[in-house]
Amino acid sequence: MNFYFQQFEHRRPPEPLRRSVIGERIWQLLAITSLILGAWYIGWRWTDSLNWDAAWFALPLVIAESCAYFGLILFTLNLWTTRDYPRRPPPERIGQCLAEPPAEDRPVAVDIFIATYNEEEELVRLSIRDAKAVSYPHPINVQVHVLDDGRRETMRRVAKEEGVNYITRDNNVGFKAGNLRNAMEQTHGDFIMICDADTRVFPTILEHTLGYFRDSDVAFVQTPQWFYDIPEGITLTNWLGQRAGRPGRWMGAAVETIFGEIRIGEDPFVNDPAMFYDIIQRRRNVYNAAFCCGAASIHRREAVMFVALRAFAAAIDKATREDKSRLLRLIRPRKDPEAEALARWQAAQEQELTPYKFHVSEDIYSSIVLHQDRERRWKSVLHPSVESKMLSPQDLLTWTIQRFKYAGGSLDIFFHDNPVTAPGLSLGQRLMYLNTFWSYLGALWNVMFLCAPIIYLLTGIPPVDAYTGDFFAHALPFLVANELAFLAGTWGLSGYKGKVSYLASFPIGLRAIWAVIRRQKIKFPVTPKERQEGNYLNLVWPQLGIMIATLLGFGWAAGCYWLGVGNFSAGGLIANGLWGLNNILAMSIMVKAAFWKPEEA
Amino acid sequence: MSWRDNLRKGRSHLITVAILLVASSVIVRIEDSALQREAHKPQPRNQMVPLRHASPDVLAADPKRERCGDVPSGRRPCPDINRRRPTD
């Protein structure tokens with residue numbers, strides 16, 4: 001069977017970013033400078049710059065700026081230092097991974113779970129084959145299980161042909177989390193590796209990660225997710241050459257000589273996960289706050305059971321008296337093992353009545369529960385090297401579903417079971433989780449940043465006292481220091497993608513906030529692994545609206561200024577014009593993504 | 001990755017810094033000039049010289065100068081008034 005991604009099989013993942021002590025010191029110095037200048041700027045904004053004649057506009061904007069500044073403090077703390085968890089040799093026996101010596105020491109046992117629902121069977125076959133090819137330097141008991149929530153005979157047949165175990169169930173309660181839980185009840189490995197249908201693990205994954213579990217407090221190891229099918233685009237020289245012939249090539253080459261290689265059509269959905277895994281998650285190791293993201297993670301079974309028990313206890317705690325007695329009746333010990341298994345199963349069904357309807361939030365929620373435990377002090381590890389490859393969303397609908405799951409799931413926890421104020425977490429962990437939640441709330445102030453230039457351009461009302469020297473004397477040092485700080489802090493990665501993606505995905509964030517506040521039940525289709533055909537302009541109308549309004553506003557303001565009508569100043573026009581241009585460029589990436597189609601192989 | 005490659009990846013930060021510096025410098029000069037015209041002050045010999053480079057006498061003569069009195073003297077940029085307030 002031919003898949004579009006077969007042309008990318010030769011690709012190899014990038015190495016993790018190398019840590020440089022000098023580079024880190026430069027970043028920290030610039031970050032501190034940026035935060036001090038930022039505090040000075042925000043203080044000045046509140047005390048000396050507000051246009052009180054237009055408080056309806058000036059106040060929301062300064063509140064938005066203050067919220068963004070608070071987010072900047074959290075993000076700076078997140079990125080402060082890289083301290084990888086020490087790697088240790090892979091264990092030979094399970095006893096090396098436990099605090100207490102086991103009754104019977106034996107080789108390590110690992111269950112590899114490949115969760116599937118409706119993905120193409122042949123695609124899952126590729127994942128099965130890669131899972132079977134996992135190697136280990138010592139004797140090990142590795143079992144591969146296909147967890148099919150689609151109850152497909154064809155999938156069962158593929159599993160049989162590949163010689164791996166097939167697990168299914170007669171319902172889809174709990175979606176992926178329920179699927180995994182069902183498989184856990186039927187398996188016994190010391191460790192569990194979670195894979196999605198498209199997760200193609202590398203042979204070295206266990207050899208490189210099981211060593212962390214020699215520390216008996218390590219609950220799980222998350223490895224970076226790497227999308228090997230992200231379009232690479234073509235260079236500007238070639239792109240212009242195709243359109244304008246030799247003059248185009250010359251022009252492209254001249255631009256690229258000055259600015260370096262520029263790729264057109266690269267990563268249309270700004271999916272590149274390196275910023276998230278190699279920077280954000282990796283630098284949480286120092287706070288013991290890296291959280292699980294599902295696929296390509298390895299879990300200690302004992303820790304997973306711990307989370308399940310805690311969740312179950314919480315469910316009982318929250319349940320009404322009637323529910324409580326029903327649950328207690330279900331889990332009381334029974335003589336008949338079959339009856340007990342059935343009761344446990346029923347209790348597990350009851351457990352689905354927890355507030356966590358978004359299955360994707362199970363990952364981060366489980367991490368929080370582990371981190372919160374004050375007696376056991378579980379640890380989480382972000383392993384810096386890529387140990388698997390997977391497929392990226394290939395159309396805007398899939399991308400939107402995925403982002404909405406992340407946002408909705410995380411905000412659901414924040415609004416309904418906020419771990420930041422609950423007991424258990426260390427200060428560093430609280431701040432890191434707050435950073436995650438705060439970033440999703442960012443849609444609220446991003447809307448203000450997108451609308452502010454439009455309001456000025458349409459009305460001539462500035463939110464600041466004036467766009468003169470005093471304003472720039474306060475704003476410019478902060479903005480420049482901030483850019484230079486993040487140049488150093490994310491050295492080796494493009495910061496633009498993250499910035500654009502954050503700004504342009506504001507409709508998803510708003511929708512998630514609205515849904516969670518209303519406690520709306522949201523049905524998630526499984527994220528498709530193959531490209532969905534269609535035009536997705538309906539998904540980007542807010543971005544398109546911002547672009548059109550900004551352009552119209554600029555035309556209007558320029559016309560008024562030219563005719564001497566209204567209160568427009570040249571300074572205000574330039575400042576807001578450039579701000580609006582920045583917004584248009586950010587929005588345009590999402591609008592272009594709506595029309596993106598892969599090139600024919 | 002080489003230093004040059006890393007720098008290329010972070011070029012968006014440098015481009016942003018360059019745009020910020022150039023744009024703010026242009027805006028301040030334009031606003032200064034407009035302010036000079038409005039206040040009927042003699043223009044600096046070169047129209048593009050911002051007011052912060054003007055002599056102390058010129059600044060002292062500006063009746064609205066106190067609007068930026070809270071800015072540290074070392075970086076006192078210019079007379080800062082809201083000449084474009086909607087209520088003006």
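**Entry 1: the interface**

How much area is buried between chain A and chain B, and what share of it do carbon and sulfur atoms give? I looked this up at the start, keeping in mind that the model is predicted. The area buried between chain A and chain B comes to about 3600 Å². Carbon and sulfur atoms give 63% of that area. I noted beside it that the size of an interface is often given as the accessible area lost when the parts come together.

Next I wanted to know which elements of chain A take part. H15(A) gives the most, with 14 residues. Sorted by class, this side of chain A has 24 nonpolar, 14 polar and seven charged residues.

I also looked up the residues in contact: 45 residues of chain A meet 40 residues of chain B. How many salt bridges does the rule find across the interface of chain A and chain B? The rule finds zero there. For polar contact, I wrote down five residue pairs between chain A and chain B, with both residues at pLDDT 80 or more.

**Entry 2: chain A as a whole**

I stepped back to see chain A in outline. Its secondary structure comes to 19 helices and eleven strands. Chain A has 601 residues, and buried residues make up 56% of them. Among its contacts with a separation of 6 or more, 82% are between residues 24 or more positions apart.

Then I turned to the UniProt record, an unreviewed entry. The record places the feature "transmembrane region" at several spans of chain A, among them residues 26-44, 471-493 and 577-596. I checked two of these spans in the model. Residues 26-44 of chain A are 100% helix and 0% strand, and their end C-alpha atoms lie 27 Å apart. Residues 471-493 of chain A are 83% helix and 0% strand, with 31 Å between the end C-alpha atoms.

Where is A:Gln543 placed? I found A:Gln543 in helix H18 (residues 541-563) of chain A. Its relative accessibility is 4%, so A:Gln543 counts as buried. The side chain of A:Gln543 reaches the backbone oxygen of A:Ala504 at 2.7 Å. Leaving aside residues up to four places away in sequence, A:Gln543 touches A:Ala504, A:Phe506, A:Pro507, A:Met587, A:Met590 and A:Val591.

A:Asn583 was my second stop, in helix H19 of chain A. Is A:Asn583 buried or exposed? A:Asn583 is buried, because its relative accessible area is 1%. With residues up to four places away in sequence again left out, A:Asn583 touches A:Phe449, A:Leu450, A:Pro453 and A:Leu503.

**Entry 3: salt bridges**

Over all chains, the structure holds 27 salt bridges. I picked a few from chain A.

The side chains of A:Arg106 and A:Asp190 form one, at 2.7 Å from N to O. A:Arg106 lies in the loop between helix H2 (55-79) and strand E1 (109-116), and A:Asp190 in the loop between helix H5 (175-185) and strand E4 (191-196), so this pair ties together parts that are 84 residues apart in sequence. A:Arg106 is partly exposed at 29% relative accessibility, whereas A:Asp190 counts as buried at 14%.

A:Asp267 and A:Lys497 form another salt bridge, with the closest N and O atoms 3.8 Å apart. This pair links distant parts of the chain, 230 residues apart. A:Asp267 sits in the loop between strand E8 (263-264) and helix H8 (274-281), while A:Lys497 belongs to helix H16. A:Asp267 is buried, with a relative accessible area of 4%.

In the pair A:Arg282 and A:Asp278, the side chains meet in a salt bridge of 2.9 Å, N to O. Why does A:Arg282 count as buried? The cut-off for buried is under 20% relative accessible area. A:Arg282 has 5%, so it is buried. A:Asp278 is buried too, with 12%.

Key. Residues are numbered from 1 along each chain as its sequence is written. Chains are lettered from A and ligands numbered from 1 in the order in which they are written. This is a predicted model: local features need pLDDT of at least 70, side-chain atom pairs count only at pLDDT 80 or more; totals for chains, interfaces and linings use all residues. Side-chain values use heavy atoms; hydrogens and water are left out. Contact means heavy atoms within 4.5 Å. Buried area is the accessible area (1.4 Å probe) that two parts lose on being put together, summed over both. A salt bridge is a side-chain nitrogen of Lys or Arg within 4 Å of a carboxyl oxygen of Asp or Glu. A polar contact is a pair of N or O atoms within 3.5 Å; within protein, one must be able to donate a hydrogen and the other to accept it, and residues adjacent in sequence count only if both atoms are side-chain atoms. Helices (H or I, at least four residues) and strands (E, at least two) are DSSP runs, numbered from the N terminus. Ala, Val, Leu, Ile, Met, Phe, Trp, Tyr, Cys and Pro count as nonpolar, Asp, Glu, Lys and Arg as charged, and the others, Gly among them, as polar. Buried means under 20% relative accessible area, exposed over 50%, partly exposed in between (1.4 Å probe, protein chains only). UniProt positions are given in the numbering used here, feature names are shortened, and annotations may be inferred rather than shown by experiment.
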